[in-house]
Amino acid sequence: MTTIAERAEAKAERLDALADKRDCESNAFMKAADDLSQAFYMGQPILVGHHSERKARKTQERMHNAMDKSVRAAKSVQYWQWKAAGVERFANMKNNPRVRANRIKTLLADLRECQRTLNHAAMCLKIWERATSDEAIEKLSDMHLKSGSLCYWDHQRAFREGKMTAQELRDISMRTSQSIIDNQSRRRWINHILNRLAYERDLLGSVERYEGELTPVILQGFAREHGAHKPQGKTSERGFELTSSVTLPFHFANSTTLDLSADEWRYLMQAVGYTVPAKKPGLPPILNFRAEELVSPSRGYNDQERKFRQVEMTKAEYSAVHKESRWVENSVCGNFRFKVAPDPEYKGPGFSAPRVAVFLTDSKVHPAPDGFKAQSEAA
């Protein structure tokens, strides 16, 4: 298996060799033109009517042609050198770890799209199998799932126009869904995407085995990234069980249930290159305590901290404020957040009302945090 850098190096060498060849051709044509120009040394004119006129004009034409070929070959040298440099730049771009990581994300999106088509067909097949009466089939002909319609539009139109009976609509819809599930071209395409993912991940670097504590939520996220339809995870006697209403991705299991031990799940995640995302840090709590003034850090357009005078409100009064006019601010110490709303005592236009911190009188009162105490003592 050759890498992108190796292929780019080989192609650049071929282009450089082609540029050298064109350079040699340009020099050869230039020398030929120079040799032909000796017939007109010191400005020897063409003697019109003389027996040498025909040969002189033929020599002049050959000289001009050689000059033109030399110029064209010299221009092509620059072109092929530019192409060789472009190949190297493109290879360097493709080898960039960030670009490769983004390419892996794109391949995973393509994998999920292919898997969604299979999931939709499997759901349609299950629904059509349960519908046996003409009345149920007629209702289903107009229904749509979130992933698409239950039958093709041309089949639906033929059924409405009386060209197809209800049972014929059911049969052709089931055959269509089954043909999508059994489509070998789509399965080859999924295999192609999986092979490309393996190749890109191998070049990006080995995926570390997840040694943290496994939970059903982690396994559900893992299955969703690979296109499983609404996977549900739970603990089992063996370890963890993953189920779905339709068949799981075939590189997981050819069934709706997969029950593995914790070590087997870790091996599977490592084998397909899945990295458990790091847990995002939680936001600081929203605290409700009395203070004369609360301070929020600068938003970036200046270095000044923003100060909010505190006012008292009830929960009903705060909820009555338009949701776009009230929000939550971070404290300057970063240890807590507080509610902000327009000043209710302001008499001017609402859009120009200054913002104030809110203390809810009918909500739970929290003790002042340590960061606020330190800030107050420093002031």
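Colleagues, a residue is called buried under 20% relative accessible area, exposed over 50%, and partly exposed in between, with a 1.4 Å probe and protein chains only. At 59% relative accessibility, Lys230 therefore counts as exposed.

The structure before you is a predicted model, in which local features need pLDDT of at least 70 and side-chain atom pairs count only at pLDDT 80 or more, while totals for chains, interfaces and linings use all residues. Residues are numbered from 1 along each chain as its sequence is written, and side-chain values use heavy atoms, leaving out hydrogens and water.

Lys230 lies in the loop between α8 (216-225) and β3 (232-235); helices (H or I, at least four residues) and strands (E, at least two) are DSSP runs, numbered from the N terminus. The phi of Lys230 is near 45 degrees, a positive value in a residue other than glycine. Most residues other than glycine have a negative phi.

I turn to the interior. A nonpolar core is a set of buried Ala, Val, Leu, Ile, Met, Phe, Trp, Tyr and Cys residues joined through side-chain atoms within 4.5 Å. The largest one has 22 residues, and Trp128 and Met164 are among those with the most contacts inside it. Helix α3 gives the most to this core, with seven residues. A second, separate core of 19 residues includes Ile218 and Trp265.

Finally, the sheet. Five strands form an open sheet in the order β6-β7-β10-β9-β8, with mixed pairing; two strands pair if DSSP finds at least two bridges between them. Because β6 (293-296) and β8 (327-330) each have a single partner strand, one side of each is left without a neighbour in the sheet.
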